[in-house]
Amino acid sequence: MPHEAGHFRSCLEIFAELSSYLDAELPPEACREIDAHLAGCGPCIEFVNSLRKTVEICRKYEPGGLPEPLSQRAREQLLEAYRRMLAARNDTPPAAPAT
Amino acid sequence: MASLERETETALARELLAGNVEVFDRFVESFRTRLFQYSYLMCSHREDAEEVAQDTLLQVFENFGQLREPERVRPWIFRIAKNACLMKRRKSVFAPTQELSLDELMPAVRQEDGPRKIEIADWSALPDDQLLRSELKDVLAEAIRQLPEIYRTVILLRDIEELSTEETAQILDISTDTVKTRLHRARLAVRQKLDTYLRAGAEVR
């Protein structure tokens, strides 16, 4: 990344923090420094926009292939596990009162 | 969008904890596809992904009574899924961990007579409806599959499942700083692959 004179922090320095910047997980001061850098650095703005778009694309991703429909047998297996859990929980005696 | 889905999941989990079997099928359907998607990108094999989804749900129902905070049902389930994927991987070829270096993920810079420019595709030309194009989806899925496992699991949990940094750290038993570092490198690597794809498309046009 180019480093253009006059910027408070160099392109290289902000490069490692751009995801945290996009996720708003940086301390306010670091965030302001990156804002100040971006205000005068066209290449970094272009790069940040491409990174932001990458995250948006990931968030819009839907599976290309869906799983096979749940078979009756597999559903029964899950339902049985759920019912066993409920039964075991109901069988558990209540905790003894504190003395 | 994601927060609404999580509210629904929380409501379904509360009902299941209360013993309401009527929401069972809705709960299974809301998680089964997500679990399949996560596992498919983690394991790369469709059959493995189907098995991981079923094994995970089975463990979920066997242990449902241990879910103390219904609002955390999604990270709770994905922690089980992560372990199920690990078990599956142990049965297949062991792939050594490979680190992604920041240097290799930086764009090239060129400066001739004018201002410095980075070599980058025209991302602004990517309209929203193109995000759903199957070709782009395939490129994204392949870019994620090619990531080393430690990065792949972080980007899947953070950007696809939209879990928080803290939740991802708890699922993977790593620090939040490590989540942030791995996520950044994973995003940069995926960005690089998408950029290559977009530039190739521009050349064709």
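**Before you start.** Residues are numbered from 1 along each chain as its sequence is written, while chains are lettered from A and ligands numbered from 1 in the order in which they are written. In this predicted model local features need pLDDT of at least 70 and side-chain atom pairs count only at pLDDT 80 or more, whereas totals for chains, interfaces and linings use all residues.

**Stop 1: colour by confidence.** The average for chain B is 88, and 89% of the residues score at least 70. Select residues 109-110 of chain B: this is strand β1, where confidence is lowest in the chain, at a mean of 76. Then try residues 165-172, helix α8 of chain B, where it is highest, at 97. The model as a whole scores ipTM 0.86 and pTM 0.86.

**Stop 2: the fold.** Along the sequence they run α-α-α-α-α-β-β-α-α-α-α.

**Stop 3: two domains.** Select 2-91 of chain B for domain 1 and 102-204 for domain 2; such bounds come from an automatic or database domain assignment. Over C-alpha atoms, their centres are separated by 26 Å. Their contact takes 11 residues from domain 1 of chain B and 14 residues from domain 2 of chain B, two residues being in contact if their C-beta atoms, placed from the backbone, lie within 7 Å. On the domain 1 side, α4(B) gives the most, with five residues.

**Stop 4: the face towards chain A.** Now show both chains: 47 residues of chain B are in contact with 38 residues of chain A. Elements of chain B that each supply at least two residues to this side include α2 (24-43), α3 (46-62) and α9 (176-204).

**Stop 5: helix α7.** α7 of chain B (149-160) is also among the elements that supply at least two residues to the side touching chain A. How many of the residues of α7(B) are buried? The count is 10 of 12, so the helix is largely enclosed by the rest of the structure. Buried here means that 20 or more other C-beta atoms, placed from the backbone, lie within 10 Å of a residue's own. Among the buried residues are Y151(B), R152(B) and D159(B). Finish just after the helix, at E162(B), which takes a positive phi of about 55 degrees.

Key
Helix = DSSP H or I, 4+ residues; strand = E, 2+ residues; numbered from the N terminus. pLDDT = per-residue confidence, 0-100.
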